[in-house]
Each structure stands twice: as structure tokens, then as C-alpha cells.
Amino acid sequence: MPVAEPFVSTRNPCKACSPLGACLAFRGIEGAVPFLHGSQGCATYIRRYLISHFREPMDVAASSFSESSTVFGGGDKLRRGLDNVSRQYQPRMIGIATTCLVETIGEDVKMLLNDYHPAAEPAPDLVHVSTPSYRGTHVDGFHAAVRAVVGQLAEAGEPTSSVNLFPGAVSPADLRHLKEIASAFSLDVAILPDYSDTLDGAQLEEYRKIPEGGTPLASIRAMGRAAVSIEFGRTLEGSATGAAELERKFGIARKTLGWPVGVVESDRFFSELSAISGRPVPQIFVRERGRLVDSYVDAHKYVFGKRAIVYGEEDLVVGLAAFLSEIGIQPVLCASGGQSGRLEAAVAAVTASSVGPVLARGNLDFAAVRELALEMKPDFMIGGSKGYSIARELDIPLIRVGFPIHDRIGGQRILHLGYRGAQQLFDAVTNTLLARAQDRSPVGYSYL
Amino acid sequence: MHILEERQRQVHRKGSEPFDLDCNKQSAAGSVSQRACVFCGSRVVLYPIADALHLVHGPIGCASYTWDIRGALSSGPQLHRNSFCTDLKELDVIQGGEKKLHKALTQLIVEHQPKAAFVYSTCIVGVIGDDVEAVCRQISAEQGIPVLPVHSEGFKGTKRDGYRAACEALLKLVGTGDPSGVSKASINILGDFNLAGEVWMIRKYYERMGLEVTATITGDGRVDDIRRAHGAALNLVQCSGSMMHLAKVMKDRYGIPFRKVSYFGIEDMSQALYDTAAHFAGVVPGIQERTVELVRGELQYILPEIAEYRKRLAGKKAAIYVGGAFKAFSLVRALRHLGMDTVMVGSQTGLKEDYEELRELCDEGAIIVDDSNPLELSSFLSERQVDLFIGGVKERPIAYKLGIGFCDHNHERKLALAGFEGMLNFAREVYGTVASPVWRLTPRGSAREAAPCR
């Protein structure tokens, strides 16, 4: 068969646009309102996409560009928009991301903001990040926003012993777990961003304009004085992260780890915390690890040699590939719409123990994943809800993790990180495979 | 509640002030409008045409956010449920996207053999100056199918302008097919998008009355049907905000009369069928009798169960915030049928006459609002102590966060709410959310339990 020319179009994207990631990151800062400088539709689409995953209010303001703003510049819209957001929300920070339209017309947002005199008292901090959606994916927008926040807000001063933690776009459940881990090590950790409450909050009697929670601005300012920064992500662009920014500006040491998914990657994280804190790993996690490995042993035969397709954002894919490899499942395809160019190497670095060959491919869409899946005959898929149509066509289970999850509830409560996260993933994977075998069995044993 | 200065005239309280509602204008900057954009308007209208290729020309976002999110069903091809995008990159923005568009279209048309292709321009296409029309003409000549540019740059107006751009694209299809063989007793169904199979229900009603349906535009839509839609004798227009332009031009161009209808709620659904029957009374013998019979039969089936819900819902208060105002009319009436009062109603794209009609329909004190935002909506819900909010995905968390029941009446829904059967579904849905015991556990619910006389 002749090799067909690749499609130039993207068919069923395995990514979203960069302003979405920026809005998500800004939502994790206390008292902040995300603001898009550009068309109204961008804000609305991004809200709908995020709301459908988190099932929480997600307000994103927009400057609502018109034709004349496109021709004559949107400075007036930007100023009025910021004034209106300040009036309505009384935010402590407004995170301003740009859309492709504004980037394309070459608007100098930085200059506009320098010239802007806020009507509100006290004036909110304004953080600006450039997020043209013709460059990178939502994950790049997320990291760019985090970097902009620390770059524009962190301050020098008397050094502290605290730890900066940049976890990436993990779930609210992951963020809560990270805080619990930090506190068990008695470490003073500033996590940026932290949407564990803002995007997974309780019922309210009175509507809150800006949901409670998020990384406090004071903690962000103090990040410039911390002892060390930890960032998660083996595919991060070394020079373009929040931790890199702090290293450059304030000389704060930076430790880059993979997402702590599975035993091996979690071990690296826990031993890093142990080294930083000068304390042994707390017993609660030692025991969690013990139970996790015990369960791996109990169930290893149920999962051995199974073939999985893993997809989603690059660093989650790397983490899942590490986890699957260590339990004897072959991640036959590790796919992402991400375009870092570092996915292949990162997956190779964590899948040395894989029972069979692993193919990692970045810059893929779901049409390409489907074509590969039809050949690879996987036993299951693991990733967000957008892979469902492929799993359905192949008649294999889909285990939902990561983002987005638009066809189940509880995406915000999925725990991926640490030994506890690995335990939940392991139980989900094993039981899905057991259920499948049971359902397919002509006998239907109720005792396995 | 602080209402932005430039929005003050977009909120009206019936009875307290003279009616002078401001609407149909660009959203206030920074307001957090619930509206989308021109692209959204076009995309939502054309989306259900199932045997066409829909290609979004621009960076990835717009295509990503509109991939398979609608409940618009097809009885055949499923091509519309894919997301195709030129996914413009930095270099394309600098050098122009025409070549990429040409190649993308050629490859996709060869692969999927669609009956037509729609090419949606997003914001930056209007700025980088791609001649999308020319590329479409060229591809059309090369591939032998209609290739239709949709001028849907997001910033060029509001969602309503997107509806119009979609109608303009449709108008390039209408009239290009052979209408011979189309019966004198034939209609086009405009403005039903076949969410959860609604157009199939509606179509069946008309066929039982003795009518032929030429084209459904656009629910379960097919290119060839649309091309011969000008052969039909009557256009029935639901969702008039989106489809009126098409109906008006078809009237001017082909002399096809139109009627506004709605298929939501018992009154409006029945009225739609009766009006249509009256229109064809001289052409289709016995149509009016058959229609009366049809309505009677359907009502006999649904009314007893609805009466049960009504007993339990009577006196409850509802708020509505939807895309088009025309749907809101039907909802106010349908809620009244369930014994419920509408105390707040608004829309993203209503016109002044729509809001006037809403004002007429609602009781004293009702809040009427145009192009609202989450802070306003949440304050209205709290102020009026509503039991039910009807809206779309973006409105849902506002209701839920406050411990208020919610009914999704937007394009994402997977439950048929049109037709007689749809009214029964609607009643079940409303009852299922308002009567849920979970509210008792919420802060708002416990407060209300403690003080039952509200």
C-alpha cells in the first residue's frame, strides 16, 4: 500500500487552544478573574469547555472585540473591560490573556496596560500573558500564564525556607493531595496555580463573585524568596516555565520531575521532598506505597501484557506510560496533540521496563490515533472523554483520566498523583479489565 | 447587585417602569456575556447538515470547542460530528492560509466524498486577508461539489450576524437542485436542529396530516434536499432568530410563503399544526380533520401524566435564560401549563419586539433581561427565590451552585423537548429536578426548610 500524504488539516483535535490553559491557570489564583483580550466567543467557548469538565461556575471576561476594534485597535475595549470587571468583581488580580485575533493585528497589550489607569481602588494586579492560539496548545497557554504570574508578581527579599511547587494542569483532587503531602513533610509549600477549591467547591447560599480559594497573592510574591522550586513535567520547555523564571531572576534552585504517576515517578518526588525537608518520608505514605505494591503483586497476572493506548496532554501521557510500564501493561501508543517535540524522549526515559515496544507520537489528532488504533488492537484506552468514539468503534473500554472529561461526572475528583493516585488508577485499570473479561465470558463467573 | 452602567437599560422589571429595553447590540466589554460570537451562530445553524464537510479555517480553538458537542442527530451520514480545521500556525498567519486551505479541502473532500463543503472563516482569517471565496470557487470547480464560504469571523458582530452568514451560505444551495416531483402539499421545516431526534417527531406529525416534507433545515439536513427546497409550498420557521432571513429571501426569490411556529409546549405545538393545516385546507382534502384527530390522540396520551406533575409543581417559580427569545415565549407558556410562574426571562439575542411580547406574557414584577451575565443572573435567581432555572451549559453551574433545579434547553441536550412527547419529557425533566430530595441538604434548601413561608 502506498504511504498516503499526511493530512494538512487537523481532524478531531487532541488539544485545545492556548487561551484556555491561561484561563485555567488564572482561576487558581486567589481573587483573580481571567480576562481575554479579543472576541467574545473565545471566552464563552472556553467557559463552556471548562464548565463541562469541572461542573463549576467559570467566569471569563472578554473585551468583546468589534470590527472597529480590529481596525483601530482594542485599547478602548481593553480599558473599559478592565474597569467593568473591577466594578463587578472587585478582583485582586486580573489575568489578561490574548486571543489569536489580538495577536494577529499586532496589538501592543503591554503598552496599553502600562498606560491604563485603573478606576478601581485598590487597583487589582494586572498580569498579562501572550497566548496566540496559532502557537502551541492549551498546555502551553497554561505554563505561559504561570510563568507570567511569577515573572510579574514574585519579589526579591529575605530568603525563606519555603518551597515553590508548579504541578501543571493536574486535577483539583491532585492539588489537594499535594497539599496534604507537603504538610505531612512539614514543608511550607506554595502551589501555583491552586484551583482545588475554586473549581471544586461546596454549595453556596449566596453566590460568590470569585470563588473562594486559589494561591494567595502574598504567597506568589513570596515565591521570589523561596529556597527551591519543584516543577512537574518531563516535556516542559526548560527555559519557559515559572520555575525557570524564578531561577533566572532570583537564583532559586529548580528541580524538574515527571508527573508523579505510579511508584517509580512518585518515589522521585517523595525522595526530593525528603531531601528538601531533611525528614524521612512520613509513615502514612510509606504505608500507602506498601499497600500499592502489594496490590500490584495481587493483580499482576490480570494486567500483564495488556496493550493500552494512552493520550492527552504530554506530561500526563508520560506519567501514565511510566505507570503502565511498571505494572506490565504495554503502552503501545502514547499520543498527544502537544507539540513540544520532547514527548518521544520523555516516554522512552520512563518506559524502559515495558514488556513490549512503545510508540510515542506528539502532534497527533484523534483521526490519526484512530488509524493507529485500528492496526494496534489495544485492550483499552486511557485518557479524556474525546477518545470515546474510537474506543466505541474498537469495542474496548475507555478509562477516563486527565482533561477533558465531558461524558462523566467527577473529572475534578480523579486522583492521578502519588501512591494514592496510583492505587486508584491501578484499581480502575485492573477492575476494568476484569469486568471486561467477566462480561465477555460465556460462563459469567461471580468468583474470580 | 451592581448592574454595569452601559447595561442598565438592558434590564427591565415589569410594572415598575416604562418599557424601553435596549438590545441587539455588541456586548459590553468586561461584562462576562453568556453570548458566543458570529462563528458560533453560523456553526450552530449549519452543524446538523450531515452529508456536508464542515471545515473551520483558523487556529485550533474554534474547531476544538465545537467538536461533536451538539445533540443534532442524523439518520444517515455522521460526517458532521467530526471536527475539521486548517489549524493555522504562526507561519500560516504570516504567509497566508490559502494554500493550506486548498490542500486541506482537497484532501478531506477526496477522503469523505461529501455532498458539499462549508468553510467557516474565524477571526484571524478576516485579518490576514485570505481570499476564502476564491479558494472555495476553485475547489468547487475542481471537485464538482458546492463549496461554500461562511463569513463567520467572530468579531464581525454578534451571534445573530452568524445566523445570517449561515443563511447566506444556505441560500447559495437553495435553488440549485431540481424541484420537479415536489408535491404541492409540501413544506420545509426551518429552524429545527433535530436535537435528540425532534425533527423526526415533527416530520411524522406533518406526514400524518398528509403533507410531504421536502427539506429539514438544518436538523438531519441533507445537501440535496436543501438544493430543491425552493420547490416546497410553505416554509415553517421555528427559531425565527436564526432562520427568518432564509425564509424571507426564499419568499422574495421563489414566492414561498412562511409561517412562524414553535414546537415547544402543548399550545404552541398544536397551534403550529393547526395553522399549517389551515394553510393547506384547499390543497389537501381532510387535512384539518386529520390534524384535530392527531392532536387529540397525542394529548390523550400525554395529558394524564402531565396533570400529575402539575399537581406537584403548581406555584413553583422559574427563571429562563436562553439563546433566542422566541424559544422563551414557548417556555413561559409550557411552564404555565405545569402551573409554574416565570419570574425572570432573558435571552442572548432577542429583539425589542420579542422582549415586548415576553413582557406581555409574564406576570407583574417579572425581570426581563437582554445579554445578561453570571453575576446578574445569580442575583436574579436569589432575589426571586426561584425553584427552577432553564438555560444551557453555561447557566447550569449558576443554578446548581445556589442549590436551584435546572433544565437544559440548549443545543447540547440529548433529550427531546419538542412535540407532544417532548412536552411530556419536559414535564418529567422539570419535575425530576424541582422535586429532587438533594436540595434539602444544601444550605439554601435547609434555610428554606427552616422558614417554609417564603
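Q: Where is B:N194 found in chain B?
A: Helices (H or I, at least four residues) and strands (E, at least two) are DSSP runs, numbered from the N terminus, and B:N194 is found in the loop between β6 (186–192) and α8 (198–209) of chain B. This is a predicted model, in which local features need pLDDT of at least 70, side-chain atom pairs count only at pLDDT 80 or more, and totals for chains, interfaces and linings use all residues. Residues are numbered from 1 along each chain as its sequence is written, while chains are lettered from A and ligands numbered from 1 in the order in which they are written.

Q: Is B:N194 buried or exposed?
A: A residue is buried if 20 or more other C-beta atoms, placed from the backbone, lie within 10 Å of its own, exposed if 12 or fewer, and partly exposed in between. B:N194 is buried, because 27 other C-beta atoms lie within 10 Å.

Q: What is phi of B:N194?
A: Phi of B:N194 is near 55°, a positive value in a residue other than glycine. B:D87, in the loop between β3 (84–85) and α3 (90–95) of chain B, also has a positive phi, near 45°.

Q: Which residues is A:A154 in contact with, leaving aside its neighbours within four places in sequence?
A: Two residues are in contact if their C-beta atoms, placed from the backbone, lie within 7 Å. With those neighbours left aside, A:A154 is in contact with A:I220, A:R221, A:M223, A:G224 and A:L246.
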